[in-house]
Amino acid sequence: MEGKIALVTGAAQGIGAATVEVLKSKGATVYGVDLREGATDYTLDLSKVEEIEGFVNELPIVPDFLVQCAGICLTRPFQSIDVATFQTSLTVNLLARFVTMASISSFLPKLEQLDYGVSKAGVVSMTRSAALSLAPHHIRVNAVAPGIIDTPMTQANAQRRSEVRGVTVAEALQPLLDVTPMKRMGSPTEVANVIAFLCSEEASYITGQTIVVDGGQLMR
């Protein structure tokens, strides 16, 4: 990836931060974008869709790769979902995307994260449509769908789920590990390596696909 430029959203932590490091290790020049002021090269709140076009137009770089790792996952009972937060989930997880981060939640029912599952299912559909539209321009669009990955978001969701269910954090996580054949959480780097592959010339004939990285959970 020498001489290539990548732009990674959600780059301050978790899979985004790991993606920055993996792409750099392969020779790419990488710029990070995140909501947190000063945490990365650029600051942008992706929930403010009206600001994205201006941000892109003012970028002093033209990236070869755009990796959208930014996302939110709100954990609360179905009956507690309100229109405003549902819309925020769709905006950040779906509308703000281009090259995409899906989830195995795209394919599974979600007990306390309905809007997250809906937004991620949309990401899979959008990936296919964008790939079809952009293929004649030699632009590939793929998605990665992680399972349970050891990130700050996963830990925060487990904490919230433990409060909703009245159990410990370990007990909240255990059902997810039980249905994962590899019996462990994945690491952000394991997902980032797949992202790097999809950005590379080794994946030059792959587009419109959602690559699952979940320790085997979906195959059950």
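Residues are numbered from 1 along each chain as its sequence is written, and side-chain values use heavy atoms, leaving out hydrogens and water. As the model is predicted, local features need pLDDT of at least 70 and side-chain atom pairs count only at pLDDT 80 or more, while totals for chains, interfaces and linings use all residues.

Colleague: In what order do the four strands of the open sheet stand?

Modeller: Strands (E, at least two residues) and helices (H or I, at least four) are DSSP runs numbered from the N terminus, and two strands pair if DSSP finds at least two bridges between them. The edge strands, β3 (42-43) and β4, each pair on one side only. β2 (residues 29-34) is joined to β3 in the parallel sense over two bridges, and Val 33 has Tyr 42 as its bridge partner in β3. With parallel pairing, the order is β3-β2-β1-β4.

Colleague: At what angle to β1 does α1 run?

Modeller: Axes are lines fitted to C-alpha atoms, for helices over the stretch in contact (heavy atoms within 4.5 Å), and angles run from 0 to 180 degrees between N-to-C directions. α1 lies across β1, β2 and β4, and its angle to β1 is about 170°.

Colleague: Why is one side of β5 and of β7 left without a neighbour in the sheet?

Modeller: Three strands form this open sheet, in the order β5-β6-β7 and with parallel pairing. β5 (100-101) and β7 (210-213) stand at its edges, so one side of each lacks a neighbour, and the reason is that each has a single partner strand.

Colleague: Which residue of β6 is the bridge partner of Met 101?

Modeller: β5 and strand β6 (residues 143-146) run parallel and are joined by two bridges. α7 packs on this sheet, touching β5, β6 and β7, and its direction makes about 165° with that of β6. The partner of Met 101 in β6 is Val 144.

Colleague: Which element gives the most residues to the lining of the largest pocket?

Modeller: On a 1 Å grid over the protein atoms alone, a pocket is an open set of points where a 1.4 Å probe fits, with protein on both sides within 12 Å along at least five of seven lines, and lining residues have an atom within 4 Å of a point. The volume, which is the space filled by probe spheres set on points joined across faces, edges and corners, is about 1200 Å³ for the largest pocket. Of its 50 lining residues, the closest to the centre are Cys 73, Tyr 116, Met 153, Thr 154 and Asn 157. With seven residues, the element that gives the most is α5.

Colleague: Is His 138 buried or exposed?

Modeller: His 138 is placed in the loop between α4 and β6, and its phi is positive, near 65°, in a residue other than glycine. Because its relative accessibility is 76%, His 138 counts as exposed.

How values were computed. Buried means under 20% relative accessible area, exposed over 50%, partly exposed in between (1.4 Å probe, protein chains only).
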